[in-house]
Amino acid sequence: MSKFRKILLGFFRCCFVLTLISFLFHLSFSGFIEKGLMEILMNSDEVTGIFEEVGVSKEKVKNVMTDEVVNEFLQGLIDNFLYDFSYGKVVKNKNLVVKLKTFAIDNRKHLEDVIGYKIYDEFINGIDNITEVKEIDIKYADLISVSKEYIPSSVRSIMITIYDLSKISYNTIMIVSLVILLGIVIALHWSYYEWLKSVGTDLIGCGIFMFIVTCVVNYLMGNILINFPVQVTFDFMKVFNISMITLGIGIVIRVSHVIIEKILEKKELKSLEIS
């Protein structure tokens, strides 16, 4: 292999590794923040208090909140929170009461089926007077203020990046880029099996790197959230699983290269013996 081709191969392998790590991080952490915030909502006294007004027990609230329609509404609130947390100023009046009331009216029949109770007009009309609802805008503003106070700027920057990437067709862009870069790496090897060594090694490296980062982020988040006024945990199993899958695929590819190399060596020895 010429020196120029080696330089090209090294460059495109670096691009492949960086793109792969970026893709794996996005794949691992997509929905990560939203799930954590959803847990806050599910355990919030304000939210459970609203449901209790119509006779829904605290134990049943989580089942209600995992309903597709309810979850979609809550996801919208979480998106608003992430945007305000990332870019906006603390707003005292977000009209969350109006949004909540509109949602209850528009989805009244569905909500009745989900909670198993009839929602009377008195409740709809009295939503504004429920203590937890009246204070929801204030609580919202307080939560943003507290989040900005307790979460370091470096972690906040990571959260903003994850949020931004989740709003674009990032997966499609990354997959296309990875396929193109992998094709270039294979072509530069000029061999039907030598590329397995490079790609296998790169995947093993990415898997190990992801595992180390997962441990570090888990440790950092644990130290941050231990002082957080709202009890919340983040599930790192998805990140861990992806890092282990990447490592496993890398090992399989690397072993495949060794096996092919051994087979070819045996064939070459046989041909030499015959000649």
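This is a predicted model: local features need pLDDT of at least 70, side-chain atom pairs count only at pLDDT 80 or more; totals for chains, interfaces and linings use all residues.
Figure 1. Cysteine 215 is partly exposed, at a relative accessible area of 40%. Cysteine 14 also counts as partly exposed, with a relative accessibility of 49%. For cysteine 14, the closest cysteine sulfur belongs to cysteine 15 and lies 7.0 Å away, too far for a bond. A disulfide would need the two sulfur atoms within 2.5 Å. The structure as a whole holds zero disulfides.

**Figure 2. The largest nonpolar core, with 24 residues.** Leu20, Leu24, Val199 and Cys206 are the members that touch the most other members. At least two residues of this core come from each of helix 1 (3-29), helix 12, helix 13 (194-225) and helix 14 (237-274). Helix 1 gives the largest share, eight residues. In soluble globular proteins, nonpolar side chains tend to be buried together.

**Figure 3. Surroundings of leucine 24.** Neighbours within four places in sequence are set aside in this view. The residues then in contact with leucine 24 are Cys206, Met210, Ile242 and Thr246. Of these, Cys206 is listed with Leu24 among the core residues that touch the most other members.

**Figure 4. Helix 12, residues 170-189.** The helix has 20 residues, and the distance from its first C-alpha to its last is 29 Å. That span is close to the 28 Å expected at 1.5 Å a residue. Tyr170, Met174, Leu178, Leu181, Val185, Leu188 and His189 are the buried residues of helix 12. Viewed down the axis of helix 12, the buried residues fall within an arc of 100 degrees, so they line one face of the helix. Thr172 and Val179, on the other side of helix 12, are exposed.

Figure 5. Tryptophan 190 sits in the loop between helix 12 and helix 13. Its phi is positive, about 55 degrees, although tryptophan 190 is not a glycine. The residue is exposed, with 69% relative accessible area.

**Figure 6. Helix 6, residues 96-106.** Leu96, Val97, Leu100, Phe103 and Ala104 are buried in this helix. Down the axis of helix 6, these buried residues fall within an arc of 130 degrees, so they line one face of the helix. Val98 and Asp106 are exposed on the other side of helix 6.

**Figure 7. Valine 69 and its contacts.** Valine 69 belongs to helix 5 (residues 68-86). Its relative accessibility is 25%, and valine 69 therefore counts as partly exposed. Not counting residues up to four places away in sequence, valine 69 touches Phe103, Asn107 and His110. Phe103 is one of the buried residues of helix 6. Valine 69 and phenylalanine 103 are 34 residues apart along the chain, and their C-alpha atoms are separated by 9.8 Å.

Terms used
Residues are numbered from 1 along each chain as its sequence is written. Side-chain values use heavy atoms; hydrogens and water are left out. Helices (H or I, at least four residues) and strands (E, at least two) are DSSP runs, numbered from the N terminus. The expected span of a helix is 1.5 Å times one less than its number of residues. Buried means under 20% relative accessible area, exposed over 50%, partly exposed in between (1.4 Å probe, protein chains only). The arc is that of the directions from the helix axis to the C-beta atoms. A nonpolar core is a set of buried Ala, Val, Leu, Ile, Met, Phe, Trp, Tyr and Cys residues joined through side-chain atoms within 4.5 Å. Contact means heavy atoms within 4.5 Å.
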